[in-house]
Amino acid sequence: MKKILFVTSEAHPLIKTGGLADVCGSLPKAIADLNQDIKLIIPNYQALKKTEDVRFLFSLRVDNRNINILETKLPDSHVVVWLVDYPTYYNIPGNPYVDELGEPWANNAARFALFCRVVVEVAMDRAYQDWKPDVVHCNDWQCGLVPALLSLENDRPATVFTIHNMAYQGLFPVSDVAILNIPGQLWHPEGLEFHNNLSFIKGGLVYSDYVTTVSPTYALEIQTSEYGYGLEGLLEYRKDSLGGVINGIDLDQWDPETDASLPYNFSEISLDQKRLNKTALQTKFLLPVKDNVPLFGLIGRLVEQKGIDLILECLPEMMEMEVQFVLLGSGDKVFEKKLQAIALQYPNKMSINIGYDEGLSHLIEAGADVFLMPSRFEPCGLNQMYSQRYGTIPIVRKTGGLADTVTDTLPETLLNNSASGIVFNEASAGSLLEAIKRALILYSTPEYWKKMQVSGMKKDFSWQKSAEKYLSIYDSL
Ligand code: ADP
Ligand code: GLC
C-alpha cells in the first residue's frame, strides 16, 4: 500500500471553478478504491463546502506564520482531506483565484507559495504525524513550487506533477522572488525563471520525478510551439518522463440512471425518458417546446480556449437553420455580451444563462441532443464525456482529450458501433459549420442517431483504468 499526498487547489464538491475540481474530487477516490492510503491537501477557503466533521489536527510554523491543519473527509467518501488553515490568505469570500471583477487576487503568489511550503512540511512529516507519503502528486501551477522545494530535501518522497492546462502557468514578477524567499539554487533559467518572471508551473515541469498531463494527445501537443506556450522545449526534453493519462468521470455524479438533478432518469434502453428532459430544458430556457427540433447545448468557461469565437462566427448561419441552442457559462465579458445580443435577436431559437449552475449543467447534458465543444485546445475536457454518457452527441474539434475520447461518425464506425460524436479538424467557423450540418443530417436519420447515442452511453469512462495507470507511475518512481 502506497502513501500518497494529493495536492490541489480545488476539488469537487468542496470547491470548483472547472474541470480541475472534477478530477481532483474523483481521482483520489478511485486511487483509494485501489487500496491505497491517499490524503488530499487543499487550502481552507471560505467558500469550501464542508459537509463532514472537521477537526483540528496539528499546527505548524511556516515562514514565521502559524498554520493550522484541519482534517475532514471528501464528502461521501473515505478520502481524508487536510485543510491548510491560514485565514489571512484563504478565509476570503468568493473564488480561489480571482476577485468579483475577475482580477487575480493581488497576493496570489504569496498565497500559493505558502500553500506549497506547508505541503512540503507535511510531506516531510515535520509535524511528526507518523505519516510520510511515498509520493506527492501535485496538480497545476498552484502546487508547482512543491516539487521544486522538495528537490532540495534529503530523503524526500517521489513527486508527480499533472498539467491540466498549459495556458495557466502562474507567472509573477521577478520582484516576488525575493519577497517569497525563493531559494537561490532554484532561481535560474533551467529552474523557476521564465523570461525574467517567476514561473510556478516550471517548478512542477523541471523538478518533479514524473510529469503527466490529462490525455495522450495533449501530451504530444504540448511538445510543440502551438500548444507549449514557450515551454515546449522543456517538455520535449522531459519526454521520457512525461505521459498522458486520460481523465475519467465520476460515475456517482454523472449517471443518467441515478442523477438526482434530473426530472427524469434514463438509460440506453429508456431513451424516451431523455425526451422528457428535453422538454424540461426547453421550458427552463423559455424556448418553444418542440420535440423534433434538434436542441444544441453548451456549458463552459466563455474563453478563447473553448472556441467561443468560432461559435459566434457560426451563429448567424446557424440561427437560419431549424435548431435551438441553450448555453450556460460565464467568462470573457465581450463574449458574454455578444452571445446575449444574438440570443435577444432570436428568442425562439437561442437562450442563454450567464452564470454557474451545477444542477442546470446536468439538465443540459440530459436534455440536449447535441453538445458543442469546438475547443481550440483541450487538455482533456469532461463535458464531451458527460455528453456521451447522457446520450447527447458531442461535436468536438480534433484536439487533446477531445480527440482521444470521441469517435467520429463515419460509415465504418457506424457499422462497428463505435461512432459516438462528430469530430472536425480545423479551428475555423467553416469547419464547425460543416460539422453542425453533418449533425443535422444524422439527426434526421433516427436509426443512425440512436446508434450513436447508444455507443456513447456504453463507453467506459470510469476512472479505474486511469487510476491504475497513476498507480503504476507511482510504483515506477
Ligand atoms: P475546463 O476545466 O477547461 O473548464 P472541463 O470540460 O474539463 O473544462 O470541465 C469543466 C467543468 O466545469 C465541467 O464539469 C462543467 O460542467 C463545469 N462547468 C463549466 N462552466 C459551468 C457553468 N457555467 N455552470 C456549471 N458547470 C460548469
Ligand atoms: C483543465 C482543462 C480541461 C481538463 C481539466 C481537468 O481545466 O482545460 O481540458 O479536462 O483541466 O483535467
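The stops that follow visit the two ligand sites in turn.

**Stop 1: ligand 1 and its surroundings**

The model is a predicted one. Begin by selecting ligand 1 together with its shell, which consists of 21 residues.

**Stop 2: polar contacts of ligand 1**

Display the polar atoms around ligand 1. A polar backbone atom of G19 is found 2.7 Å from an oxygen atom of the ligand. D22 contributes through its side chain, where an N or O atom is 2.7 Å from an oxygen atom of ligand 1. Turn next to L382, whose backbone places an N or O atom 2.9 Å from a ligand oxygen atom. How much of the accessible area of ligand 1 does the protein cover? On its own, ligand 1 has 560 Å² of accessible area, and the protein covers 93% of it.

**Stop 3**

Switch to a cartoon view and colour α1 (19-33), β13 (295-302), β14 (324-331) and α14 (383-389); each supplies at least two residues of the shell around ligand 1. The largest share belongs to β13, with three residues. Colouring the shell by class gives six nonpolar, nine polar and six charged residues. Then colour by domain: domain 1 (3-248 + 463-476) and domain 2 (271-457) each provide at least three residues of this shell.

**Stop 3: ligand 2 and its surroundings**

Now select ligand 2, which 14 residues surround. The closest of these are H164, N247, E378, C380 and G381.

**Stop 4: polar contacts of ligand 2**

Q305 has a polar side-chain atom 3.1 Å from an oxygen atom of the ligand. For C380, show the backbone instead: one of its polar backbone atoms is 3.0 Å from an oxygen atom of ligand 2. Ligand 2 taken alone exposes 310 Å², of which the protein buries 92%.

**Stop 5**

Return to the cartoon view and select α1, which gives the most to the shell around ligand 2, namely three residues. By class, this shell holds six nonpolar, six polar and two charged residues.

How values were computed:
Residues numbered from 1 in each chain as written. Chains lettered and ligands numbered in written order. Predicted model: local features only at pLDDT ≥ 70, side-chain atom pairs only at ≥ 80, totals over all residues. Heavy atoms only, no water. Near = heavy atom within 4 Å. Polar contact = N/O pair within 3.5 Å; in protein donor to acceptor, adjacent residues only side chain to side chain. Areas by Shrake-Rupley, 256 points an atom, 1.4 Å probe, with all protein chains shown as cover. Helix = DSSP H or I, 4+ residues; strand = E, 2+ residues; numbered from the N terminus. Nonpolar A, V, L, I, M, F, W, Y, C, P; charged D, E, K, R; others polar. Domains from an automatic or database assignment.
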